[in-house]
Amino acid sequence: MTVPPSGPVGSTSPSPGTGTTPASSTPPGLTGTAVVGVVGMAVMGRNLARNLARHGHTVALYNRTTARTDEVVAAHGHEGTFVLAPDLASFVDALARPRRVIIMVQAGAGTDAVIDQLVPLLEEGDIVVDGGNAHYTDTRRRERALRAQGLHFVGAGISGGEVGALEGPSIMPGGSVESYAALGPILESIAAEVDGEPCCAHLGPDGAGHFVKMVHNGIEYADMQFIAEAYDLLRGAGLDAEQMAGIFRTWNEGDLDSYLIEVTAEVLSQRDARTGGALVDSIVDAAGQKGTGSWTVQAALELGVPVNAIAESVFARAASSHPELRTAARAALSGPTTGTGSGRSGADREAFVEDVRQTLWSAKVVAYAQGLHLIRVASQTYGWDVDIETVARIWRAGCIIRARLLERIRGEYAANDLVTLLEAPSIRDGLATTQASWRRVVGAAAQAGVPVPGFAAALSYYDTLRAERLPAALIQGQRDYFGAHTYRRVDDDGTFHTRWSADRSEARV
Ligand code: 6PG
């Protein structure tokens, strides 16, 4: 059913073009009838609006050009009740109070422009939601600015792509507790579900939601890089794309069960109509990125949190996308080119495949450990009080990194007070078993000259954290030598400096 702002309430399916008649204000009968409004009818906004309407919510729609809104209603008006607004004033007028406005426009300046136009039309207690991939510092700034005007601003990460937005995404809202009371039930009703539990929860004030979404994407980058490294190793062991697709399908039935493994099998089994070979072999080996992986690493650098496996996954995409660098180096550098498995066959090859599977699981666990630790530190720094169990819970379905492992992670955080995921009993025990494979794979890759930056970084992280004593002591000595930066002693409190250029006696400073 479609409700044009200038016309009567339609009772059945809309006729194309319904609601196109320009109107400068909402007729009195329609004022306050929509429980939620969506601004921006590009694919994510449109699908989210349809999802809301399908769940029985009357949705007001606004887009800068009305043609888009008309298209949505012409094609999908029968899915629920939409109120079309030709301008922002009638859009705002159509909303029940407190008004709930979800902005789904290009992150950045576009979001600020919509906010600037909306704010003068809103009233105290109204809620503005940014459902884009905004940087959390922008969200913090916007939240502060709107709070000063008596409005709620909610940065809500939404994951799951176009299909997720329509059929049930994972939603990660931040913002005030009051805003969640008014908004949460609506968002929860359209989110993905696991055993009746929605993949949506209030994560904390101001930028908490967008921070968690950003880290989700950092983990997504790492997970994709690890899978790509596994593919590269299997390829080097002589397996073709179809065989690898079969292996990934089998892996998807066990501990590695995840959306990204499923996607991998789909991509590997796709044939190329032009060549008749595997499509993957026709795709240029240069990975793109829109920036959220880099944001995760930047945030980690600013907060001083080690996320080296995530960082390597961002750098691996960067390295792949510098053809001139690769061409120059390829011409100059020597090294093995035999692949990790030349000559492997039968049981030996099967054992190698199993080693790669265990390596993939180990590295994946490290990516989650790094991402969740980053969220923990950010939460402490910004006073967000993000509950990590809740994060794992709402990532179990709907989002790109959804995986069977998240159920286990959730359970571990529910049962234990963890500084790091790696100390969780079942994870710790799992890694104790898989690490032999992990070391063999990283070693074999190094010997064979196959780059595994993600697997190797994850293993270094594991070994760094479990080391009794790190070489950082030497670095402190070096810093003190050339910069008098001082050091602490293992056997005394306080700070010390050695007079390196004088008599080399030690002073307490
Ligand atoms: C999601 C995805 C989505 C997306 C990013 C990453 O959660 O639905 O993370 O946000 O895939 O745009 O894209 P890039 O790989 O282009 O950075």
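How far is an oxygen atom of the ligand from a polar backbone atom of K290? The distance is 2.8 Å.

This is a predicted model, in which local features need pLDDT of at least 70 and side-chain atom pairs count only at pLDDT 80 or more, while totals for chains, interfaces and linings use all residues. Residues are numbered from 1 along each chain as its sequence is written, and side-chain values use heavy atoms, with hydrogens and water left out.

**Figure 1. Residues around the ligand.** The shell has 14 residues, of which S159, E220, Y221, K290 and R317 come nearest (a residue is near if one of its heavy atoms lies within 4 Å of the molecule). By class, two are nonpolar, eight polar and four charged (Ala, Val, Leu, Ile, Met, Phe, Trp, Tyr, Cys and Pro count as nonpolar, Asp, Glu, Lys and Arg as charged, and the others, Gly among them, as polar). Helix 8 (residues 208–236) gives the largest share of this shell, five residues (helices are DSSP runs of H or I with at least four residues, strands are runs of E with at least two, and both are numbered from the N terminus).

Figure 2. A side-chain N or O atom of K213 is 3.0 Å from a ligand oxygen atom. For N133, a polar side-chain atom also lies 3.0 Å from an oxygen atom of the ligand. On its own the ligand has 410 Å² of accessible area, and the protein covers 81% of it (Shrake-Rupley method, 1.4 Å probe).

**Figure 3. The second largest pocket.** Its volume is about 370 Å³. On a 1 Å grid over the protein atoms alone, a pocket is an open set of points with protein on both sides within 12 Å along at least five of seven lines, a cavity is a set where a 1.4 Å probe fits but cannot get out, and lining residues have an atom within 4 Å of a point. The lining includes R469, Q476, Y487 and D491, and it divides into five nonpolar, two polar and four charged residues.

Figure 4. The whole structure has two cavities of 30 Å³ or more.

Figure 5. D138 pairs with R141, with the closest N and O atoms 3.4 Å apart (cut-off: a side-chain nitrogen of Lys or Arg within 4 Å of a carboxyl oxygen of Asp or Glu). Both residues lie in helix 5 (residues 136–147), three residues apart, about one turn of the helix.

**Figure 6. Backbone geometry in two loops.** R97 and P98 are joined by a cis peptide bond, with omega about -5 degrees. P98 is in the loop between helix 3 (88–93) and strand 5 (100–103). D206, a residue other than glycine, has a positive phi near 30 degrees, and is found in the loop between strand 10 (197–198) and helix 8.

Conventions
Grid points are joined across faces, edges and corners, and a volume is the space filled by probe spheres set on the points. A polar contact is a pair of N or O atoms within 3.5 Å; within protein, one must be able to donate a hydrogen and the other to accept it, and residues adjacent in sequence count only if both atoms are side-chain atoms.
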